[in-house]
Amino acid sequence: MHFLEKLFGDQNKKILKTITPLVEQINSFEETFEKLSTEELKAKTPEFKKRLTDGETLDELLPEAFAIVREVSKRVTGMRHYDVQMIGGIALHRGKIAEMRTGEGKTLVATLPTYLNALEGKGVHIVTVNDYLAKRDAVWMGQIYAYLGMSVGIIQNQRVTFVYDDTAGKREAGSEKLEDLDKTEGSEVDIERDEKGSFKVEDEYLRTASRQEAYRCDITYGTNNEFGFDYLRDNMVQSIDEMVMRPGNEMHYAIVDEIDSILIDEARTPLIISAPAEEATEQYYQFAQWVKLLLVNEDYNVDEKLRSATLTDTGIAKFEQWLHVENLYVEGGIRLIHHIEQALKAEVLFKCDKDYIVENGEVIIIDEFTGRKMPGRRYSEGLHQAIEAKENVKIQRESRTLATITFQNLFRMYDKLSGMTGTAKTEEEEFYKIYRLEVVVVPTNRVDIRLDRSDRIYKNETGKNNAIIEKVKECHAKGQPVLIGTISVEKNEELSEYLTIKGIRHEILNAKNHEREGEIIAQAGKSGAVTLATNMAGRGVDIKLGGTPIEPEDEQKVREAGGLFVLGTERHESRRIDNQLRGRSARQGDPGETQFFVSTEDDLMRIFAGDRLKNVMTRFNVPEDMPIEQKFITKMLESAQKKVESHHFDTRKHLLEYDDVLNKQRSVIYKKRRAILDLTKKELENGHTHLVEVIDLEVVRTDTEVDALDESDEVPVAEEKFLSLHDVVMEMIESEIEFVVSFHTNTDDDTQWNIEEIYETMKTIFPLSPEDKKEIFDLGTRDNNRDEIERRDALVNFLIAKARHEYARMMDGIKSQVETEEDKKRIPIEIQKSVLLRTIDNLWVDYLVAIDYLRASIGLRGYGQRDPLIEYKHESFQLFNQLLLDIQKEVAYTIFKINIGLQLAPSIMADDTLTLSGAQKTSNAQAGIVEGKVRDDSGHKIGRNDPCYCGSGKKFKRCHGV
């Protein structure tokens, strides 16, 4: 690296060199803007918006906009942006990561690019690591935005939502009535906020609001989990009006605070929305028995060539009789008819000892090409459960994933992404390769005088703990505050017991109560304070010498004692986490010391060099309380950390390569879903067709085309067309007709066309009269006057015309059953929307299950000298093509069975018992290979083979314990 820097120069210096002239330009406005009145300052926002509309760019507005924010901040918070903070703000605006040391004021830095980019009116998301920081930052910085006429929203867990409003707060004073607070600039409550805003949330400035209102604000604060879950939920809604994010500008610009924690540490865990597995086990067994009573060619039609089995009207009538329902499609919904057809398929198409075997009470698939067993693989779309019911073995049930996305793919959707943290340089390769983000190291405002001492290595854990106690006593005696950092909650509580036994008063933090932690960590710089915390606890809150508010005498005493002493009890597997702990000391040029106390029994030492070092110490009779301080050992530990970091990066990159495949497929399904919702809204409002993007259902069927796919391949999207919901449905019906006809006429000898099968299949889609049957057979019979292409086209055209006629007749029948003109317009639209959405949703959920099983088993292909990733791409692409065909088929076979009757069954996406699982907002999310046992809500430790706490139904080791 040093050689490359000599050859090409330091890239960071080059970036800073381009930014410096801009900072000077910003500073040139300061004297002018200081003279502006409040009204003149506030008038700048509409002026900037007009200039944007007139053709100016954000880059051209940047110097003035940044200068305005600085001036407003001076007036309402008393904080003036330093020049280095301007550098950080410019880096964020340019879509880069600003690495700024702890205490350099990153929260204030974010106000600069946030205000500038919010001028576009497309919304800015500020992403924080927990709900507490989202609220704190919104209230603390909200006064700047409100002064400039910008609205601020805050989204929280459990769908709690606020909007910043400095006219909304009320507080109870003794027995007096609730009265509006005076929150004007310089009032008592405003002074309190300015003093304690870095750690205390003033709820008086917040009012509850709807989720939609928060997203319609110019600036929205929230956690990565909440933005992700809202994106997924918006793609599960049944109406466009239920969406909460800005339509068309959902992902415009995001600033990610503590970006390393969110995009690296928490990115190991995808966001998942799941629902409990339906209570359908008994129904599976019941259906398995009933399908045995059906008669071929009377109750169902079998197409062995297409490997399909479809119920006829007679078969449907029998199930309606058995289930005691009037209309199976209306009362049971697509989901029920789907399970019935899967039971039929399992009975007539899948044979034991040919397609599968039953072994130890499990149905195991047999590979049709090799004849080998494929344990761990399952048929998709409920077929495997249907076969289990057929064979009368236990049906494997679990929760169903309705929607999922990784943080990598979520944040790469933003038009512009930037972030800030105190530690990003060690991970800059990952940031660039995964997110295309460059890291800019921003210089400190004052010279850093922190003293980083060499690690102390002890023979065992007991010796290390005793030494820690002695060091704490030594610092405490001279009034030097101590912050002790541990790598896990378990170690945190263990060391707390040691301190208690030794009579050392201390505060304990373990990233469980973020708001209380903020208040405690803010006082960790007081003289004689001892604070025991996990490495992540209280992150985002500065530790000022003398506490907050600062007491000058106490501050001076702490400075003379050497400043804050940060004591690390163990090396983390990531250098970045260790650097974050060190960074809590010596903010803004303050004095400070840091040192790590390590034992040969620590996980990182034990794995990489502990045994050898311990043997040497034993051989030379080194006492357990005598430390070794050698720079080469510290370097050895850092080398081990680099290896672990590299391993984790490779793992995350590998997982992302797999998820990228699903991400492209997800975008196709979500676009299709969104197009249907858009059409529904526009048709209901205007009653005519509109321009929408329609997903092309053409599929790739040749192996050559599949093999040619690479990471950049997308599922093809058709050009924009004028369509209505009616046309979307008819397009699917016509495509299914063309597919069936082509499949059964795809022979070299046109006398071998299977016209009987075409007729039987079409009869299960829409009604056909005896005259229609004769016409179909006449068109399919060899005719010397027409070649086979003309005959095939004539057959397809006849069937399409018949389908259109029957569809129009069905819709007229539905309209005739309602009285008002409004219902005549609304009900057909709602029926078409419901069929399309429920089909897409149900089959997509089944597809997610299938792809999960594929992903879990594909690694075995490596033993056959085949690249699992290429195999995964190949098979998932075929599965997705089949999904698109299944959607087309399900709609075609369902739509003619719908009629006005009972309320249509809701889509699976409308389940109100959803479970949300994502990154855990505790220090455990950072602990990696060295964390302690995970505990459930009742405090019991979860073993690797226990059910996972998230409710997925999987074992912990196969879910969140991976």
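User: Which residue of β12 is the bridge partner of Asn301?

Analyst: Thr310 in β12 is the bridge partner of Asn301. The model is predicted: local features need pLDDT of at least 70, side-chain atom pairs count only at pLDDT 80 or more, and totals for chains, interfaces and linings use all residues. Residues are numbered from 1 along each chain as its sequence is written, and side-chain values use heavy atoms, without hydrogens and water.

User: What makes β11 and β12 a strand pair?

Analyst: Two strands pair if DSSP finds at least two bridges between them. Here 4 bridges join β11 (residues 300–303) to β12 (residues 308–311), and the strands run antiparallel. Strands are DSSP E runs of at least two residues, helices are H or I runs of at least four, and both are numbered from the N terminus.

User: Which way do the residues of β11 point?

Analyst: Tyr300 and Val302 point one way, Asn301 and Asp303 the other. In a regular strand the side chains alternate between the two faces of the sheet. Tyr300, Asn301, Val302 and Asp303 are buried.

User: Why is Asn465 called buried?

Analyst: Buried means under 20% relative accessible area, exposed over 50%, partly exposed in between (1.4 Å probe, protein chains only). Asn465 has 6%, so Asn465 counts as buried. Asn465 is found in helix α22 (residues 461–477). Not counting residues up to four places away in sequence, Asn465 touches Glu494, Leu495 and Tyr498; contact means heavy atoms within 4.5 Å.

User: Why is the pair Phe287 and Phe319 called edge-to-face?

Analyst: Rings of Phe, Tyr and Trp (its six-membered ring) pair if their centres lie within 6.5 Å; planes under 30 degrees apart are stacked, over 60 edge-to-face, the rest tilted. The centres of Phe287 and Phe319 are 6.0 Å apart and the planes stand at 80 degrees, so the pair is edge-to-face. Phe287 is in helix α15 (residues 281–290) and Phe319 in helix α16 (residues 313–323), 32 residues apart. Phe287 is buried at 1% relative accessibility, and Phe319 at 0%. Phe287, Trp290, Phe319 and Trp322 form one aromatic cluster.

User: What makes the pair Phe411 and Tyr414 stacked?

Analyst: The angle: the planes are at 20 degrees and the centres 5.9 Å apart, so the pair is stacked. Both Phe411 and Tyr414 are buried.

User: How do you know that Asp841 and Arg673 meet in a salt bridge?

Analyst: A salt bridge is a side-chain nitrogen of Lys or Arg within 4 Å of a carboxyl oxygen of Asp or Glu. For Asp841 and Arg673 the N to O value is 2.7 Å. Asp841 lies in helix α34 (residues 821–857) and Arg673 in helix α28, so the pair ties together parts 168 residues apart in sequence. Asp841 is buried at 1% relative accessibility, and Arg673 is buried at 3%.

User: What puts Glu250 and Arg674 in a salt bridge?

Analyst: Their side chains meet at 2.9 Å, N to O. Glu250 sits in the loop between α13 and β9 (253–257), Arg674 in helix α28 (residues 631–686), 424 residues apart. Glu250 counts as buried at 17%.

User: How many residues does the largest nonpolar core have?

Analyst: The largest nonpolar core has 232 residues. Such a core is a set of buried Ala, Val, Leu, Ile, Met, Phe, Trp, Tyr and Cys residues joined through side-chain atoms within 4.5 Å. Ile733 and Trp844 are among the residues with the most contacts inside it.
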